[in-house]
Amino acid sequence: MRDVWIYIAVMSIVTLAIRLIPPLVLRSEIRSRFVRSFLFYVPYVTLAVMTFPAIVLATRTPLAGGAAFVFALFLAWNGASLFRCAAGASIMVFVVEGLVIGF
């Protein structure tokens, strides 16, 4: 039981440090274009890094997940809505798994 309290304390300290250090250290506006653009894209990169493995591994075969990702990316690049991208990716998984595994 003692270990659980240590884990909670470490988690609390790390969480507070992440939230408190930037306002304390960075009191003025960031003027560097490189740093500003880097900080702007960090959430998107983090989301992509967490989402891509889930897309590939959520299907029976990684091939179906990869094909669905490429097809959804193609649809999004050509201006399709989020619903159409998701529906297209689902249909692609259905088709690829039907071809690879069989219905």
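These legends accompany close-up views of a predicted model.

**View 1**
Helix H4 covers residues 82–100, 19 residues in total. From its first C-alpha to its last, H4 reaches 27 Å. That is close to the 27 Å expected at 1.5 Å a residue. Seven names make up the buried set of H4: Cys85, Gly88, Ala89, Val93, Val96, Glu97 and Gly98. These buried residues pack against helix H3, which spans 62–77. After H4 comes glycine 102. The phi of glycine 102 is positive, near 100°.

**View 1. The largest pocket.**
The largest pocket holds about 450 Å³ of space. Its lining counts 17 residues. Closest to the pocket centre are Thr51, Ile55, Phe69, Ala72 and Leu73. H2 supplies the largest share, six residues. By type, the lining of the largest pocket has 15 nonpolar residues and two polar ones. No charged residue takes part in that lining.

**View 2. Isoleucine 55, at the pocket.**
Isoleucine 55 sits in helix H2. The residue is among those closest to the centre of the largest pocket. Is isoleucine 55 buried, exposed or partly exposed? Its relative accessibility is 29%, so isoleucine 55 counts as partly exposed. Leaving out residues up to four places away in sequence, isoleucine 55 touches Gly65 and Phe69. Phe69 is also one of the residues closest to the pocket centre. Glycine 66 is 11 residues from isoleucine 55 in sequence. In space, the C-alpha atoms of isoleucine 55 and glycine 66 are 7.4 Å apart.

**View 3. Threonine 61, in the loop between H2 and H3.**
Threonine 61 lies in the loop that runs between H2 and H3. Its relative accessible area is 16%, and buried means under 20%, so threonine 61 is buried. Which residues does threonine 61 contact, leaving aside neighbours within four places in sequence? They are Val56, Glu97, Val100 and Ile101. Of these, Glu97 is itself one of the buried residues of H4.

A search of the whole structure finds four aromatic pairs. One of them joins phenylalanine 40 and tyrosine 41. Their ring centres are 5.0 Å apart, with 85° between the planes, and the pair is edge-to-face. Phenylalanine 40 is partly exposed, at 49% relative accessibility. Tyrosine 41 is partly exposed too, with a relative accessible area of 48%. Tyrosine 41 also pairs with tyrosine 44. Here the centres lie 6.4 Å apart and the planes meet at 55°, so this pair is tilted. Both tyrosine 41 and tyrosine 44 belong to helix H2. They stand three residues apart, about one turn of the helix. An α-helix has 3.6 residues a turn, so residues three or four places apart point the same way. Tyrosine 44 has 51% relative accessibility and counts as exposed. Together, Phe40, Tyr41 and Tyr44 form one aromatic cluster.

**View 4. Valine 25, in helix H1.**
Helix H1 covers residues 2–25, and valine 25 has its place there. Is valine 25 buried or exposed? Its relative accessible area is 60%, and exposed means over 50%, so valine 25 is exposed. Phenylalanine 69 is 44 residues from valine 25 along the chain. The C-alpha atoms of valine 25 and phenylalanine 69 are separated by 40 Å.

Notes
Residues numbered from 1 in each chain as written. Predicted model: local features only at pLDDT ≥ 70, side-chain atom pairs only at ≥ 80, totals over all residues. Heavy atoms only, no water. Helix = DSSP H or I, 4+ residues; strand = E, 2+ residues; numbered from the N terminus. Expected span 1.5 Å × (residues − 1). Buried < 20%, exposed > 50% of the residue type's maximum accessible area, 1.4 Å probe, protein only. Contact = heavy atoms within 4.5 Å. 1 Å grid on protein atoms, 1.4 Å probe; cavity = no way out; pocket = protein on both sides within 12 Å on 5 of 7 lines; lining within 4 Å. Points joined across faces, edges and corners; volume = space filled by probe spheres on them. Nonpolar A, V, L, I, M, F, W, Y, C, P; charged D, E, K, R; others polar. Phe/Tyr/Trp six-rings, centres within 6.5 Å; stacked < 30°, edge-to-face > 60°.
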